[in-house]
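Look at the structure first, then read on.

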Amino acid sequence: MGATEETRLAEVLKQSVIKGDVKATEQTVNKLLEMGTGARKIFELLSAGVLHVGEQLSNKEAFLPELVVTIDAFKKGLALIEPKLKSEPKKGKPLRIVIGTVEGDIHNIGKNLVKTMLEVSGHDVFDLGVDIPPDLFAAKAQEHDADIVGMSALVSPGLMSLRKTVERVRQVRGDRTHFIIGGYATSPALAEELKIMYAKDAIDAVNKIHDFINKGGA
Amino acid sequence: MSDFPKEEMSTFDRVSATFRGEPTDRVCIGWLGRKETGLGLPQVTVADVVRDKSGVLLHKGIKAITEKFKPDMISVTTYTTVEAVAIGTKDKYFKDQLPAPVDYVIKSPEDLDRVHIPDPRVDGDLPCIYNALRKVVRDFGNHYPIGAGTVGPFSVGARIRGLWDISFDIMRRPWFAHDVVKFATEACINIIEGWQSAGATGFASGAGSETVLSPEHFRQFCVPYERQYLQAAKKMGFLSYARHICSGPSADLVVDEMAKFGLDEMPTLVWGYYKDAETMAQKKKFFAEFSPRVAVGGTFRASDQLAFWSPSEIEAEVKRLLDVCYPGGKYVHVADCCIPPATPLENIEAFVISAKKYRPK
């Protein structure tokens with residue numbers, strides 16, 4: 001009976017996040033906590049809702065407004081489990097990812113979506129913010145022992161900074177840190193030239209990093 | 001210049017014939033993006049130009065580019081947050097780059113009562129455009145159609161409220177999103193009244209904020225306000241409308257919705273992001289069902305192909321594009337979006353000259 005109810009609530013929670021229904025999300029999280037469901041499990045259910053809408057976004061079945069409310073519901077649900085979540089161990093070894101928008105560019109929506117998608121996929125993400133100079137990317141990659149540096153560039157002048165960042169991080173980190181780029185100004189051709197990963201959207205970033213791990217990248 | 005075929009039409013005749021789909025002596029060349037930045041004025045930064053309220057530097061930049069490349073249209077613009085900044089949004093400048101908003105003026109419904117509709121002659125950086133426009137009209141008005149515009153009601157709304165927050169409002173409190181876009185519509189109308197009084201004959205609209213919306217939200221939050229803006233422009237006496245489709249997740253879905261703006265009101269150019277040349281040619285036929293005077297242009301990626309390719313690569317791509325899109329007219333040769341400030345002049349030259357030399361097979 002308990003397991004059946006937990007299974008039902010799990011689906012309710014995922015759907016609440018997909019719909020961006022904050023009230024239903026919070027109620028369901030509280031019910032699951034009362035039933036003794038682990039915070040890590042609840043996090044995975046919340047995340048499943050976000051990833052679902054991320055997939056829809058990638059397939060042009062949902063757009064920014066739909067994703068904004070999904071992320072809102074996710075964050076409200078997350079706030080209820082965060083204290084417990086910190087005390088529970090993560091499954092497997094998460095990647096350490098330093099992420100930011102390159103110097104000369106302050107667009108952050110795409111970067112924030114990628115950050116959220118990577119976090120809900122279980123990785124440790126260190127968000128540096130926007131307008132990040134190459135030296136700061138390199139210093140933070142070193143400080144956090146980053147497996148991956150993720151860079152977003154919407155406007156093309158940012159590409160010069162992006163190239164410098166790859167160079168600076170490689171000087172400091174050698175081949176211990178890999179790169180993923182995205183944003184309107186970037187392209188698969190640029191990624192190929194720099195021998196780094198390219199993501200066309202947030203869910204593609206998750207998939208590319210998943211492939212990277214499967215190939216023994218970290 | 002001897003290898004140029006003789007030009008037999010004035011720019012006005014060429015532009016008119018292009019919109020009607022009649023034969024022209026050569027391809028109609030549209031405006032050349034961000035004239036204010038570095039292209040015509042080396043050693044001058046973006047901030048120097050767009051914050052110069054006299055418009056002298058912007059005028060000089062446009063003059064330099066117009067005299068060098070001799071396009072068929074002139075657009076007097078600076079950057080895509082200028083309307084929002086005039087309303088109160090704060091922006092940040094970067095060296096040799098376009099500015100971007102950092103703090104949005106509308107944080108709550110009450111803020112809509114605190115802001116005022118901007119006057120393009122005095123508010124924010126709008127006087128730069130107003131004053132430059134008057135000078136450009138004085139110098140070139142007898143030879144070129146001259147346009148100026150705004151990023152349009154929804155995109156101004158997104159730039160005073162913030163794209164993330166207006167997206168949230170659309171889902172949770174749509175009345176507020178509507179109020180923001182209504183205010184933005186009034187602002188856009190007031191701004192182009194100023195452009196009209198300064199001598200502009202064409203007006204413009206469109207930016208990237210609206211291409212993050214689903215077609216349904218586009219129909220609700222963009223179409224009715226754009227119609228109002230277009231109808232107001234017609235009443236003011238504007239003669240043409242340049243409607244931009246900026247790249248975004250739903251750009252290829254909402255483009256068809258633009259037919260609902262009322263494209264038969266005046267000659268219209270729907271330009272910007274199209275997936276490829278073939279799609280643009282297909283949309284040209286689609287828009288023709290709504291009005292006999294709609295042209296298309298764009299698809300050539302300003303931030304990638306134009307900024308980073310070699311001149312010979314650009315020439316080859318222009319030829320391929322024109323083979324697909326020029327037949328039947330109703331095609332204006334423009335890049336898909338604003339030209340990045342650091343784009344090499346020789347690349348712009350390749351883009352323009354190869355189109356001017358082009359003749360159909």
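## Two domains in chain A

The centres of domain 1 and domain 2 of chain A, taken over C-alpha atoms, are 27 Å apart. Domain 1 covers residues 2-87 and domain 2 covers 96-214. Such bounds come from an automatic or database domain assignment. This is a predicted model, in which local features need pLDDT of at least 70, side-chain atom pairs count only at pLDDT 80 or more, and totals for chains, interfaces and linings use all residues. Residues are numbered from 1 along each chain as its sequence is written, while chains are lettered from A and ligands numbered from 1 in the order in which they are written.

Where do the domains of chain A touch? Nine residues of domain 1 of chain A and eight residues of domain 2 of chain A form the contact. Two residues are in contact if their C-beta atoms, placed from the backbone, lie within 7 Å. On the domain 1 side, helix H3 (39-58) and helix H4 (64-87) of chain A each give at least two residues. Helices (H or I, at least four residues) and strands (E, at least two) are DSSP runs, numbered from the N terminus. H3(A) supplies the largest share of that side, seven residues. By class, that side of domain 1 of chain A has five nonpolar, three polar and one charged. Here Ala, Val, Leu, Ile, Met, Phe, Trp, Tyr, Cys and Pro count as nonpolar, Asp, Glu, Lys and Arg as charged, and the others, Gly among them, as polar.

## A helix pair in chain A

Two packed helices are described by the angle between their axes and the distance between the axes. For H3(A) and H4(A), the axes come within 9 Å and cross at roughly 165°. H3(A) is therefore roughly antiparallel to H4(A). Axes are lines fitted to C-alpha atoms, for helices over the stretch in contact, and angles run from 0 to 180 degrees between N-to-C directions. Angles under 35 degrees count as roughly parallel, over 145 as roughly antiparallel, 65 to 115 as roughly perpendicular and the rest as oblique.

The crossing of H3(A) and H4(A) is left-handed. A crossing is left-handed if the near helix is turned anticlockwise from the far one by less than a right angle, and right-handed if clockwise. Residues of H3(A) in the contact include Phe43(A), Leu46(A) and Val50(A), and those of H4(A) include Ile71(A), Phe74(A) and Leu78(A). The contact of H3(A) with H4(A) has 13 nonpolar, three polar and three charged residues.

## A helix pair in chain B

How are H3(B) and H6(B) placed? Helix H3 (residues 56-69) and helix H6 (residues 126-140) of chain B pack at about 40°, with axes 8 Å apart. H3(B) and H6(B) are therefore oblique. Their crossing is right-handed.

Among the residues that meet are Leu58(B) and Ile62(B) in H3(B), and Ala132(B) and Val136(B) in H6(B). By class, this contact of H3(B) with H6(B) has six nonpolar, two polar and three charged residues.

## Where the chains meet

19 residues of chain A are in contact with 28 residues of chain B. On the chain A side, H4(A) gives the most, with five residues. The chain A side divides into twelve nonpolar, five polar and two charged.

Now turn to helix H8 (residues 163-172) of chain B. Its buried residues are Leu163(B), Ile166(B), Ser167(B), Phe168(B), Asp169(B) and Ile170(B). A residue is buried if 20 or more other C-beta atoms lie within 10 Å of its own, exposed if 12 or fewer, and partly exposed in between; C-beta atoms are placed from the backbone. The cover over the buried residues of H8(B) includes H4 and helix H5 (109-120) of chain A, and helix H7 (153-161), helix H9 (174-198) and helix H10 (215-221) of chain B.

## Two buried loop residues

Gly183(A) sits in the loop between strand S4 (178-182) and helix H8 (188-194) of chain A. Gly183(A) counts as buried because it has 23 C-beta neighbours inside 10 Å. Leaving out residues up to four places away in sequence, Gly183(A) touches Gly110(A), Ser152(A), Ala153(A) and Leu154(A).

Tyr184(A) lies in the loop between S4 and H8 of chain A. Is Tyr184(A) buried or exposed? Tyr184(A) is buried, with 22 C-beta neighbours inside 10 Å. Beyond its neighbours within four places in sequence, Tyr184(A) is in contact with Leu154(A), Ser247(B) and Ser303(B).

## Two positive phi values

Most residues other than glycine have a negative phi, and most peptide bonds are trans. Asp145(A) is not a glycine, yet has a positive phi of about 50°. Asp145(A) lies in the loop between helix H6 (134-143) and strand S3 (148-152) of chain A. Asp145(A) is exposed, because 11 other C-beta atoms lie within 10 Å.

Lys195(A), also not a glycine, has a positive phi of about 55°. Lys195(A) is in the loop between H8 and strand S5 (197-198) of chain A. With 9 C-beta neighbours inside 10 Å, Lys195(A) is exposed.
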